[in-house]
Amino acid sequence: MKKISYVSLLIVFISHFSNAQHKDAIYKKGWIDFNKNGIMDVYENPKEPIEKRVKDLLSQMNLNEKSCQMATLYGFKRVLKDSLPTPNWKNEIWKDGIANIDEQLNGVGLLTSKGRNTVVSKNLIYPFSNHAEAINKTQKWFVEETRLGIPVDFTNEGIHGLNHTKATPLPAPIGIGSTWNKDLVLKAGQIVGREAKALGYTNVYAPILDLARDPRWGRVLETYGEDPFLVAALGTQMVNGIQSQGVASTLKHYAAYSVPKGGRDGNVRTDPHINPRELQEIHLYPFKKVIHDAQPMGVMSSYNDWNGEPITASHYFLTELLRWEFGFNGYVVSDSEAVEFIYTKHQVATTYEDAVRQTIEAGLNVRTHFTPPSDYILPIRNLVNQGKLSMKLIDERVAEVLRVKFRLGLFDSPYVVDTKVADKVVGADKNEDFILDIQRQSLVLLKNEGNLLPLDKNKIKKILVTGPLANEENYMVSRYGPQELENTTVLEGIKQFLGKDVIVDYAKGCDVVDANFPESELIHFPLSTKEQSDIDEAVRLANENDVIVVVLGEDEKTTGESKSRSGLDLPGRQQQLLEALYATGKPVVLVLINGQPLTINWANKYVSSILEAWFPSHSGGQAIAETLFGEYNPGGKLSVTFPKTIGQIEFNFPYKLGSHASQGKEGPNGFGNTRVNGALYPFGYGLSYTSFSYADLKVSPTKLNSQAEIKVTLKVTNTGKREGDEVVQLYLSDKNASVVTYDSVLRGFERVHLKPGETKTVNFILQPSDLMLLDKNMKWTVEPGNFEIKIGSSSEDIRLKECITILP
């Protein structure tokens with residue numbers, strides 16, 4: 001009996017050994033025999049042009065294999081139940097391949113900050129080399145176990161830094177936008193791409209190019225700002241950075257996604273109130289510009305409609321605009337549930353299967369949703385077999401996916417070559433200086449009356465740090481960024497900075513929201529005994545301290561995806577806490593932690609100093625502390641307008657001529673004094689601990705034909721006593737146009753670091769495209785007439801002007 005068992009084991013061993021040898025045989029010198037036929041097919045030949053390779057591979061694919069290249073498989077614990085391939089995969093629909101696997105083993109939602117549970121696959125997530133090896137094993141299964149061996153595109157999120165445990169974090173994109181630093185964003189993209197590449201991810205879902213035109217919208221914090229030129233410039237840098245590492249960048253969310261009616265998110269996600277001209281000039285501008293300048297390999301289609309047409313089912317958006325006009329040559333992946341919404345929400349398809357047909361005919365390449373990929377693949381097969389979808393169209397869509405995979409080199413080198421590199425290059429600990437730098441540069445000084453800031457620790461004996469966000473960290477952990485890092489709160493940052501030199505007291509003061517929120521934004525509810533006691537305790541400590549630093553705003557539970565707001569005041573009891581602290585007569589510094597503009601009118605009127613920190617990453621507490629005490633001089637600028645009240649919305653930049661005007665004081669048609677006017681803080685606004693002067697503006701030529709370049713130079717000088725950063729901004733106003741234009745548009749910016757007394761020359765070059773508008777016939781053109789070039793420190797703080805004329 002033992003002899004029989006031994007023979008059986010030997011047979012099994014020989015069989016496995018022989019099978020392994022057979023699989024190893026596909027790896028030839030300089031090429032891979034993906035279809036295991038023993039000859040070098042055209043698609044397997046690295047020396048052949050990509051188009052020939054795509055055509056050859058398509059010719060060998062059957063319908064099952066083609067349809068599998070049109071769907072996403074969400075990774076482990078999302079949809080995929082296995083952390084690594086299993087024998088049962090031969091019975092799964094992806095036995096014929098898959099377009100991409102998203103978020104595989106990145107730890108999202110499973111490995112978060114302090115005190116959360118881990119998962120059984122943690123050893124495959126971290127150390128980083130283990131993750132790279134796990135991705136290789138999954139890729140190896142698709143190369144070796146499927147008939148044609150088509151590699152997988154491993155996708156992952158990247159707007160807050162690569163979405164992987166302990167990767168390098170970035171501040172929320174609204175903070176990145178507030179840096180106004182193109183070189184810094186390029187470096188951020190390079191880090192995201194480098195970490196993705198080392199871990200085995202081949203496609204990063206970033207940047208977000210949506211515009212924050214309505215501050216009530218919950219995802220304002222995930223945008224770079226409200227202005228199309230700024231978003232396009234920073235988006236181009238992020239794409240260039242990511243793709244410089246041999247990884248694809250996928251733009252989000254195309255298109256007209258960020259302005260649902262009333263700023264409502266969650267179950268709404270529909271009905272953007274945008275006219276055709278605004279669509280082209282504002283919302284499509286960043287996509288068109290980034291696609292032209294950076295050639296991203298991916299675009300994510302959004303789940304909203306425009307003008308009654310769902311974007312993901314729109315041939316106009318996905319083909320005519322995106323490919324024919326903008327020149328996009330990658331593949332389009334849907335946002336989650338965008339396909340299903342065509343049937344369930346938008347109701348322009350009578351069946352789900354018809355929704356699938358509409359998306360493919362429109363130009364969608366790959367469907368993504370948190371359900372099995374078979375939910376999309378099987379309807380495709382049915383539609384083709386019923387003659388409702390042509391194989392020619394399927395070939396076009398699949399070719400666009402394969403083309404990206406060839407461009408990424410997946411058919412030449414499908415694996416992470418050296419998995420140990422991941423341990424050397426991935427992780428927040430490898431980029432601490434950069435993390436701190438981008439965090440510092442994202443801070444915006446909103447007010448500093450009497451130069452209360454920076455605080456002098458040598459003159460302070462005791463300081464109170466208070467507020468519901470002073471010792472909170474949940475806003476530092478993003479669904480779309482690294483999940484498990486040691487975070488430094490504002491309280492911890494101040495304590496670490498001051499050491500034993502200054503006594504630091506702490507009182508929470510109140511919670512972020514009260515028990516009746518958000519109804520409490522509509523109805524006054526008396527303070528509970530506990531709420532009054534908490535505020536009283538903060539006030540008692542305030543009276544014993546020299547200075548108060550109060551940290552107020554929003555946390556990750558009060559703003560973000562599906563968390564739009566109906567008010568923009570400080571939520572909960574925070575306003576009562578602030579007023580009580582102010583009443584002590586002690587100096588008060590307000591630090592804002594928030595994801596969208598807040599209507600902090602009372603604070604702006606009474607509080608001496610206000611520092612906007614947005615949603616910082618894990619070193620946010622350190623950066624804030626260094627800034628409060630003068631080790632760092634803030635130089636960030638607002639990339640969104642702060643309205644005074646939600647009654648002003650829409651109130652943003654750029655804006656049409658006269659649309660932000662005040663009420664008339666007199667006149668034949670009446671006058672009024674019934675509303676507040678102007679911004680609380682305008683677009684481009686931000687203070688410094690030093691001051692800057694502008695001089696010697698030179699524009700050449702001042703009279704020119706429509707296709708000439710315009711050179712602009714000026715000098716900026718640090719006239720204060722501290723070194724610091726100034727963001728020099730160039731605006732353009734069209735003084736004579738055939739259609740109503742914007743009051744002014746941003747067309748250039750540079751962040752400049754200057755020592756006290758130092759002067760630097762700043763140069764800009766305006767291209768003909770910078771002067772273009774959509775004429776009466778909706779054609780882009782540069783019209784003859786007068787333009788005004790304006791240089792300033794914000795959209796309202798203009799220091800220098802010069803007129804130019806475009807000749808007929």
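**Entry 1: Thr312.** I listed what Thr312 touches, leaving out residues up to four places away in sequence, and found Ser301, Ser302, Leu318, Ser334, Ala338, Val339, Ile342, Thr359, Ala362 and Leu364. This is a predicted model, so I kept in mind that side-chain atom pairs count only at pLDDT 80 or more. Thr312 sits in the loop that links β10 (309–310) to α11 (315–325). Is Thr312 buried or exposed? With a relative accessible area of 1%, Thr312 falls under the 20% cut-off, so I wrote it down as buried. I also noted a polar contact of 2.9 Å between the side chains of Thr312 and Ser301.

**Entry 2: along α11.** Next I walked down α11 and marked Phe317, Leu318, Thr319, Leu321, Leu322 and Arg323 as buried. Leu318 is also on the list of residues that Thr312 touches. After α11 comes Gly327, and I read a positive phi there, near 85°.

**Entry 3: helix α10.** Which residues of α10 (residues 285–294) are buried? I found Tyr285, Pro286, Phe287, Val290, Ile291 and Ala294. I then checked what these buried residues pack against: α8 (228–243), β7 (248–254), α9 (276–283), β8 (298–301), α11 and β22 (745–754). Gln295 follows α10 and has a positive phi, near 50°.

**Entry 4: α13 and α15.** The axes of α13 (residues 352–362) and α15 (residues 391–407) come within 10 Å and cross at roughly 65°. The crossing is left-handed. Sorted by type, the contact residues give 4 nonpolar, no polar and 2 charged.

**Entry 5: Phe34.** I looked for Phe34 and found this residue in the loop between β2 (31–32) and α2 (50–60). Phe34 is buried, at a relative accessible area of 0%. Setting aside residues up to four places away in sequence, I counted among its contacts Tyr43, Val143, Arg147, Pro151 and Phe411. How far apart are Phe34 and Glu144 in space? I got 7.3 Å from C-alpha to C-alpha, although 110 residues separate Phe34 and Glu144 in sequence.

**Entry 6: the six-stranded sheet.** I traced an open sheet of 6 strands in the order β12-β17-β16-β15-β13-β14, with mixed pairing. Its edge strands are β12 and β14 (503–507), each pairing on one side only. On average, neighbouring strands are turned by 20° against each other, direction ignored.

At β17 (residues 609–612), I checked both faces and found them covered: Ser609 and Leu611 are buried on one side, Ile610 and Glu612 on the other. β12 (residues 444–448) runs antiparallel to β17, with 4 bridges, and Lys447 stands opposite Ile610. β16 (residues 588–593) runs parallel to β17, also with 4 bridges, and here Val589 stands opposite Ser609.

At the β14 end, β13 (residues 462–466) pairs with β14 in the parallel sense over 5 bridges, and Leu464 stands opposite Asp505. Helix α19 (residues 529–543) packs on the sheet, touching β13, β14 and β15 (547–553), and its direction makes about 165° with that of β14.

Key
Residues numbered from 1 in each chain as written. Predicted model: local features only at pLDDT ≥ 70, side-chain atom pairs only at ≥ 80, totals over all residues. Heavy atoms only, no water. Helix = DSSP H or I, 4+ residues; strand = E, 2+ residues; numbered from the N terminus. Buried < 20%, exposed > 50% of the residue type's maximum accessible area, 1.4 Å probe, protein only. Polar contact = N/O pair within 3.5 Å; in protein donor to acceptor, adjacent residues only side chain to side chain. Contact = heavy atoms within 4.5 Å. Axes fitted to C-alpha atoms, helices over the stretch in contact; angles between N-to-C directions. Left-handed = near helix turned anticlockwise from the far one by under 90°. Nonpolar A, V, L, I, M, F, W, Y, C, P; charged D, E, K, R; others polar. Pairing = 2+ DSSP bridges.
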